[in-house]
Amino acid sequence: MKHALRRLRTGAVALAACSLGLSLLSVPAAEAYSVAPLAPQSERAPESNQFSAEGVTTVGELRTVASSLSYAPNGGTQIIQHPGATYVKVHFSSLRLAQGDYVTVSSRDGKESYRYDRHLNRATGSDYTTDGQPGFWAMSVEGDTAVVTLHSSRLSRGSAAIIDRFWRGYDSTEIAAHNFSTQSVCSTDARRDVVCYQNSHPTEYARGRAVARLLISGGGLCTTWRVGNTNRMLTNKHCFSTQSAVSGSEMQFNYQCATCGGANPGAGTKVSGATLYRVSSGGSSQLDYTLYSVNNFAAIQGFGTLYLATTATSNGTRIYVPGHGDGTAKRLSIYEDTQNGATCAVRNANYNTWNISYSCDTSGGNSGSPVLNASHRVIALHHLGGCPSNQGAKAHLIYNEIASLIDNG
């Protein structure tokens, strides 16, 4: 959420949708959690290297560590554990593997696992992100533990991989402590997990599947979504606006609770940013959009897509907003204050040249969310908070600028 209007430090932020001192252990795969730490503790990276972007929710910290995988006995597994972390994203500064060998980065329970060989080929291995420096970032794994394993039948003592950095995700208390937020939950917070509306609002639930959690460069958080029938995504310019940031970010689809209020989201499907196509001109109070594509597009096509309205909306139009406010699993804003009460609606369809306004509940992390009407077309791109006039950039004006780059159905 863009830091505009009234700034209030957030209280405890609910990460229901889903502490320091990382331990790094070098252990045989069969004894993964049974030995004492053999490698040094990690350290918080210098402040200049931490994620910082105005209007973007900070959800993690960068830490440094000196570690490696080797072909030596007992050197083929590293367990990175940070108590309370919500995710771990590992950086390899080098990968020196023999033909046929590979490493995996997995969650503790094994439900997430990413495979990398010497070629770093997304067609035959897993996705990854880059930051313009030597090496690459593995895709993040949910939870406080990443298990990094060398898979090889070679008998050697050479080094196979060097791990020098990682991002670890903040918990809800840390997110509240590290972020400022405008007052954009208007009166009672009426947002609910998207699954709560699967039966009562099936179309709103279905359209929300095209909306993803955007993890920016390892430590920032916004919302993003598919637009049109081809490989195109939209978010806010103030979330990211450069090719390097696109290449360094993850789009996490289907990060939502399995049951209403269940605090049980799965890892979903993660892809990386590919190509930056267009960024809006002007400041972040204007159209504030970024259009880009993703790698491994086939993996997310099944979640559907959204289409832009091509004409202006009007006052009183019913709206709803799916998104990842506060970094939580996906929630829907359908009602103003109470369930089955007044529905969210456009307050001012011409708040200014670029924006409409509404009091539908949002919060930090909702930046980039689509604002949809009753016909399920996107009428605005949410980007500014401040009750009672939360704001979204007019979608028909965005369409006029990117029409030649998308297939809007």
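Modeller: The general idea is that a residue counts as buried when its relative accessible area is under 20%, as exposed when that area is over 50%, and as partly exposed in between. Please keep in mind that this is a predicted model. In this structure, Cys239 has a relative accessibility of 5%, and therefore it counts as buried.

Biologist: Which residue does Cys239 form a disulfide with, and how far apart are their sulfur atoms?

Modeller: A disulfide is assigned when two cysteine sulfur atoms lie within 2.5 Å. Cys239 forms such a link with Cys222, and the two sulfur atoms are 2.1 Å apart. The torsion about their S-S bond is about -90°, so this disulfide is left-handed. The pair links distant parts of the chain, with Cys222 in strand β18 (residues 220-226) and Cys239 in the loop between β19 (233-235) and α3 (243-247), 17 residues apart. Cys222 is buried, its relative accessible area being 0%.

Biologist: How many disulfides does that rule give, and how are the cysteines paired?

Modeller: The count comes to 4 disulfides. When the bonded cysteines of the protein chain are numbered in sequence order, the pairing reads 1-8, 2-5, 3-4, 6-7.

Biologist: What is the handedness of the link between Cys186 and Cys387, and where in the chain do these two cysteines lie?

Modeller: Cys186 and Cys387 are joined by a disulfide with an S to S distance of 2.0 Å, and with -95° about the S-S bond the link is left-handed. This pair, too, links distant parts of the chain: Cys186 lies in the loop between β15 (180-182) and β16, while Cys387 lies in the loop between β28 and β29, 201 residues apart. Both Cys186 and Cys387 are buried.

Biologist: And what is the handedness of the disulfide between Cys196 and Cys260?

Modeller: For Cys196 and Cys260, the S to S distance is 2.0 Å, and the torsion is about 95°, so that disulfide is right-handed. Cys196 sits in the loop between β16 and α2 (202-207), and Cys260 in the loop between β20 (250-253) and β21 (269-279), 64 residues apart. Cys196 is partly exposed, with a relative accessible area of 23%.

Biologist: Finally, is Lys89 buried or exposed, and what does its side chain reach?

Modeller: Lys89 lies in strand β7 (residues 87-95), and its relative accessibility is 1%, which is why it counts as buried. The side chain of Lys89 reaches the backbone oxygen of Ala138 at 2.9 Å, and a polar contact of 3.1 Å joins the side chains of Lys89 and Thr129. Leaving aside residues up to four places away in sequence, Lys89 also touches others, among them Trp137, Arg165, Trp167 and Glu250.

Technical notes. Residues are numbered from 1 along each chain as its sequence is written. This is a predicted model: local features need pLDDT of at least 70, side-chain atom pairs count only at pLDDT 80 or more; totals for chains, interfaces and linings use all residues. Side-chain values use heavy atoms; hydrogens and water are left out. Helices (H or I, at least four residues) and strands (E, at least two) are DSSP runs, numbered from the N terminus. Buried means under 20% relative accessible area, exposed over 50%, partly exposed in between (1.4 Å probe, protein chains only). A polar contact is a pair of N or O atoms within 3.5 Å; within protein, one must be able to donate a hydrogen and the other to accept it, and residues adjacent in sequence count only if both atoms are side-chain atoms. Contact means heavy atoms within 4.5 Å.
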